[in-house]
Every structure is written in C-alpha cells, then in structure tokens.
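Hello,

Here is the structure we talked about handing over. Please open it alongside these notes. My findings follow below it.

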Amino acid sequence: MNNAIESSGLSKSFGSARAIRNISFSVDESEIFGFIGPDGAGKTTLFRIITTLLLPDEGYVKVLGMDSVTDYKKLRKEIGYMPGRFSLYQDLSVEENLSFYATVFGTTVKENYDLISDIYSHIEPFKKRLAGQLSGGMKQKLALSCALIHKPRLLVLDEPTTGVDAISRAEFWTMLGKLRKHNITILVSTPYMDEAMRCDRVALIQKGEILAVDTPRKIMLGFSRKLFSVKATEKYRLITALRQFPATITAYPFGDSVHATFTGDIVDPGLYDHLKNNGVTHVSVNETEAGIEDRFLELMNKTA
Amino acid sequence: MENQVIKVRNLVKKFGRFVANDNLSFDVYEGEIFGFLGANGAGKTTAIRILSGLSAPTSGEVIVAGFDANKQSEKIKKNIGYMCQKFSLYEDLTVKENITLYGGIYGMSKQLIKERTGELLEKLNFRDYENRLIADLPLGLRQKLAFSVAILHEPKIVFLDEPTGGVDPITRRQFWEMIYETATRGINVFVTTHYMDEAEYCDRISIMSEGRIVALDTPEQLKKQYKAASVEEVFIKIARPVVN
C-alpha cells in the first residue's frame with residue numbers, strides 16, 4: 001500500500017513558541033486518520049504545513065508522493081481543505097459558494113456531483129439561502145461539499161465537529177464513512193476523544209508532540225494498569241476521598257462513575273471503610289475496560 | 001434543596017415570527033449543578049441571555065436570584081456570574097488587572113477585591129502568573145481563571161456556557177472539580193456543554209429541542225425513562241430536530 005502522507009522530523013516555531021516538534025508519521029491511502037488532542041496541541045499548524053500553507057522549520061512531509069514545499073502548486077489541486085474557522089463566504093448563497101469553489105479548481109458542480117450528492121442533498125433545498133444564515137450543522141455540510149467539489153485525493157478537515165452538538169457530530173462521521181468508497185484519504189483532527197473510535201488509526205498529540213500512533217483499539221489496550229469504575233451517590237466526595245486513599249494512584253471522573261487505578265492493581269478491602277468514613281454511600285467497584293481517553297490521560301501524566 | 005435560584009414560568013421569546021423559546025417552565029435550586037443541553041439552534045443561548053438579564057422575555061415570568069427579568073434586569077446582572085468559552089477575560093490585560101476590573105464591575109470594594117485576589121491566586125496556584133498577560137496563558141489556565149473571576153463576587157448563580165470546549169482531558173476534569181466545589185459552597189452552577197459525559201456530572205439536566213424543554217430530570221432517571229446506557233443516547237433519541 002502506498003503512503004498518502006509521509007512525514008519525518010517536522011518542526012515549526014513561532015518566535016519562542018514551539019508549535020510542533022519532531023513530528024513523524026505516515027498515513028495509508030484511503031485511510032481515515034485522526035489527530036486527537038486539545039487546543040494548542042499543534043494540530044492546526046501541522047495541517048497547514050501538510051496543505052502547503054506554511055513552511056516547516058525542519059523536517060519534511062511528502063503528500064501523495066509530492067513534497068509540500070517544492071511541489072506545492074501541483075499538490076494544492078489534489079487537496080480538499082476544510083479549516084477550523086468558517087471557510088465559506090457568508091454573503092454568498094449556498095449554491096454560489098459551491099460553484100465558486102468548483103470554478104477556482106477549474107471544474108463544475110455537475111462534473112463531480114456524485115461525490116457530494118449524499119451530503120449536499122441535505123442542504124440543496126436551501127440553496128438560495130445565504131451561507132451566513134445557515135445553522136451550524138448545515139454550514140458544516142456545505143463546507144464539506146465545497147472541500148470535496150474538485151474531487152481531491154486527500155481531504156484535510158481541521159476540527160470539523162468542534163462546537164457542534166452530539167447529533168450533528170454523529171451524522172458528520174457517518175458522512176465521512178460513506179466517502180470511503182471513493183478512495184479518498186481523510187486526515188481529520190478533533191478535541192473529542194470519543195471520535196477517535198471512528199478513525200482507522202489515530203495519533204494522540206499534546207504540546208506539539210505525538211504521544212502515540214495506532215489503531216484506536218490498540219491504543220486502548222496500551223493502558224498499563226487494571227482500571228476500576230467506582231460509583232457512589234456522593235460524586236464529589238467520592239473523588240476527594242479516593243484521592244486521599246493511600247493505595248490510589250489516579251482517580252478521574254468519567255461520566256457517572258470515577259475511573260481509578262490502585263497500587264498492585266487490586267482493590268484494597270480497606271477502601272470500602274475509608275469511603276464510608278468519608279460519608280460516601282452506595283459504593284460499587286468494578287473492573288472496567290480502559291477507553292481512549294483513559295489512555296490519553298495516562299500518557300499525559302507520563303510526559304507531564 | 002427548596003431554595004429556588006431560578007424560577008421560570010411560561011417563558012416565551014419571539015424574534016419576529018420565529019419562536020426561539022416556546023413556553024419554558026422550570027426551577028433551579030441553590031447548590032445545584034444544572035446542565036442545560038440541546039442541539040445547536042435549539043434556543044439555549046436565547047434562554048441564557050434572558051436568565052442573565054441581557055434580553056427581555058416576550059412574555060412569561062422569570063425570577064433569577066430573587067429579581068424579575070422583566071423589570072430588574074440590572075439587578076440580575078449584579079447578582080450572577082457569567083463565563084463563556086469564546087470570551088471572558090481581556091487578553092491584553094494581566095491576570096491581576098482582569099481580576100481588579102471584574103471586581104470593580106461587580107461593585108466590590110477595593111479592600112474586598114484585594115482580599116479575594118490574594119485568595120484566588122493562592123487557590124489556583126497562580127502567584128507566578130499574576131503579572132502575565134492573559135494572551136500568554138495556556139487555554140486551560142485561562143478557563144480556570146475565567147471561572148474563578150466569574151464567581152469573585154460570590155453570586156447566587158453562575159452561568160457557564162460551554163466552559164470546557166477544546167481543553168485537554170485533565171484540565172477538563174480539574175475544571176469540573178472546581179464546579180463541584182463551587183456547588184458545595186451553595187452557588188448554583190448553570191452549565192451548557194457538548195460533552196455528553198459532562199452531562200452525567202450534573203445533578204439535573206434539561207434537554208431543549210426546537211425552543212421547548214423536552215426532558216428535565218436527573219441523569220439516572222432520564223437514562224431509566226429512555227432505556228439508555230448514557231446521557232448521550234438519551235440526547236440522540238430526543239433532541240433531534242425535525243429539519244436540520
């Protein structure tokens with residue numbers, strides 16, 4: 001299989017701020033590859049280098065076999081880029097935005113309509129509406145249609161689901177899944193850990209450095225300890241009491257429970273008394289499978 | 001939990017023919033963490049603007065911290081805290097200057113501002129940062145500071161509008177521990193979020209869809225009622241609008 005992206009030792013600083021350091025990774029053709037990390041991790045800088053919009057200080061990245069610095073003109077025709085901030089012209093209508101993007105890339109909406117029909121059909125009834133007046137979910141669909149209209153071989157999506165509600169996020173990932181049949185490689189970033197599960201492989205990124213690259217499943221399996229899910233009626237008291245317990249290594253709230261690790265990977269029988277003495281009631285402790293966010297927290301603590 | 005901090009009855013807000021809030025009625029109590037959920041465009045922001053005295057209801061009764069949103073919106077503003085993800089602190093002012101500015105806006109005395117500033121910097125472990133510009137602080141620290149500033153004047157209620165968007169998972173959890181701590185001090189925390197796991201941390205949640213509240217209960221009860229494993233499942237089942 002050919003590499004759609006191959007990067008080695010990429011670094012970029014802005015003044016004294018080091019945005020990314022020594023980033024090396026590769027993406028296979030037709031893969032959905034996710035960069036998962038918080039704001040300020042370096043995701044946008046990396047994507048701007050890959051899309052030829054920024055020059056790296058050190059290292060290189062080959063995209064679709066072309067060098068991002070020397071072959072930038074050829075490369076730009078093959079990339080569809082959806083930046084994090086709104087990429088649409090607010091004062092153009094839905095259909096005007098789409099045909100504008102098609103024209104810029106020397107093609108027509110008609111020519112590549114099959115590629116976007118699944119997505120665009122949702123907003124086509126509103127094609128005369130100005131882009132600025134669309135709802136968040138509709139803007140997102142239009143922006144994706146615009147990024148796809150020139151039939152790129154690589155789609156780069158910078159936080160397409162940030163600030164979007166849980167329903168629209170789920171729909172968006174379903175649309176990305178459908179693009180697989182067109183053999184488009186997709187590079188996507190997100191601060192939502194749960195979205196990692198929708199990718200073929202992910203890179204966890206923090207403070208400009210990659211912490212891990214693998215399939216989501218293998219990243220989860222990388223969790224180094226037994227993980228326990230602790231539930232009780234008094235959630236805040238439970239967290240503080242767990243932290244005070246000598247055998248506790250970590251205790252983090254996760255949904256309706258607290259995920260905890262203990263020395264020796266066992267639940268010391270003294271835990272129940274300790275919690276009871278701290279006014280925590282209806283305690284249950286069960287071993288649980290670590291998720292991607294558990295692993296991310298573990299890796300963050302190691303590098304902190 | 002008998003002390004109401006928010007009382008809303010038949011709240012309607014219209015913009016022209018568009019009904020943004022369609023007959024909302026609910027109560028929020030002292031010391032409660034109340035999650036205010038809904039899809040984009042469901043009407044959450046409109047409701048929060050009314051509850052914080054920034055916008056008047058078209059009709060209905062809205063009492064916040066003991067004041068009537070129809071007649072006493074200025075009093076409401078002084079008695080609540082507000083923080084949102086997009087803007088809360090002035091980037092070109094230092095940490096200390098921001099605290100002083102907000103203290104002044106909330107009408108606190110110089111002496112009290114000085115005391116609280118010291119406490120706040122101590123508590124957040126921020127002594128090294130007090131003279132730094134906000135622009136130079138990492139996002140996680142900014143959000144924690146913004147929250148602390150929003151409750152500097154010890155309001156009865158604090159509104160947090162997507163406070164944790166984009167922050168790393170450790171900071172996100174530390175932030176929620178600050179929320180818990182604030183609630184145990186008797187301050188009501190009224191919070192919106194797109195992270196459905198955070199909804200599970202709330203005492204009660206409401207879910208809005210197309211201007212109406214379609215569900216309001218504890219996370220446990222809602223999961224039971226909709227036979228769902230998580231709040232996210234409940235949300236996807238009931239918050240879906242008919243058209244986009």
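Predicted model: local features only at pLDDT ≥ 70, side-chain atom pairs only at ≥ 80, totals over all residues.

**Two domains in chain A**

Where they meet, domain 1 of chain A contributes seven residues and domain 2 of chain A contributes six residues. On the domain 1 side of that contact, β9 (201-206) and β10 (209-214) of chain A each provide at least two residues. By type, the residues on this side of domain 1 of chain A are six nonpolar, one polar and no charged.

**Chain A overall**

Chain A has 304 residues, and 44% of them count as buried. Its secondary structure amounts to ten helices and 14 strands. Along the principal axes, the C-alpha atoms of chain A fill a box of roughly 70 × 45 × 40 Å. Take the contacts in chain A with a separation of 6 or more: 71% of them join residues 24 or more positions apart.

**The four-stranded sheet**

Look next at an open sheet of four strands in chain A. Its order is β12-β13-β11-β14 (chain A), and the pairing is antiparallel. Which strands stand at the edges? They are β12 (248-254) and β14 (284-288) of chain A. Each has a single partner strand, so one side of each is left without a neighbour in the sheet. From one strand to the next, the twist averages 30°.

β12(A) pairs with β13 (residues 257-262) of chain A over six bridges, in the antiparallel sense. Within this pair, A:Ala251 sits opposite A:Ala260 of β13(A). A helix packs on the sheet as well: α8 (residues 235-244) of chain A. This helix touches β11 (227-231), β12 and β13 of chain A. The direction of α8 makes about 165° with that of β12(A).

**A helix in chain B**

Now switch to chain B and find helix α1 (residues 44-51). Which of its residues are buried? They are B:Lys44, B:Thr46, B:Ala47, B:Ile50 and B:Leu51. Seen down the axis of α1(B), these buried residues fall within an arc of 165°, so they line one face of the helix. Just after α1(B) comes B:Gly53, with a positive phi of about 80°.

Best regards

Notes. Residues numbered from 1 in each chain as written. Chains lettered and ligands numbered in written order. Pairing = 2+ DSSP bridges. Axes fitted to C-alpha atoms, helices over the stretch in contact; angles between N-to-C directions. Buried ≥ 20, exposed ≤ 12 C-beta atoms within 10 Å, placed from the backbone. Arc of directions from axis to C-beta. Nonpolar A, V, L, I, M, F, W, Y, C, P; charged D, E, K, R; others polar.
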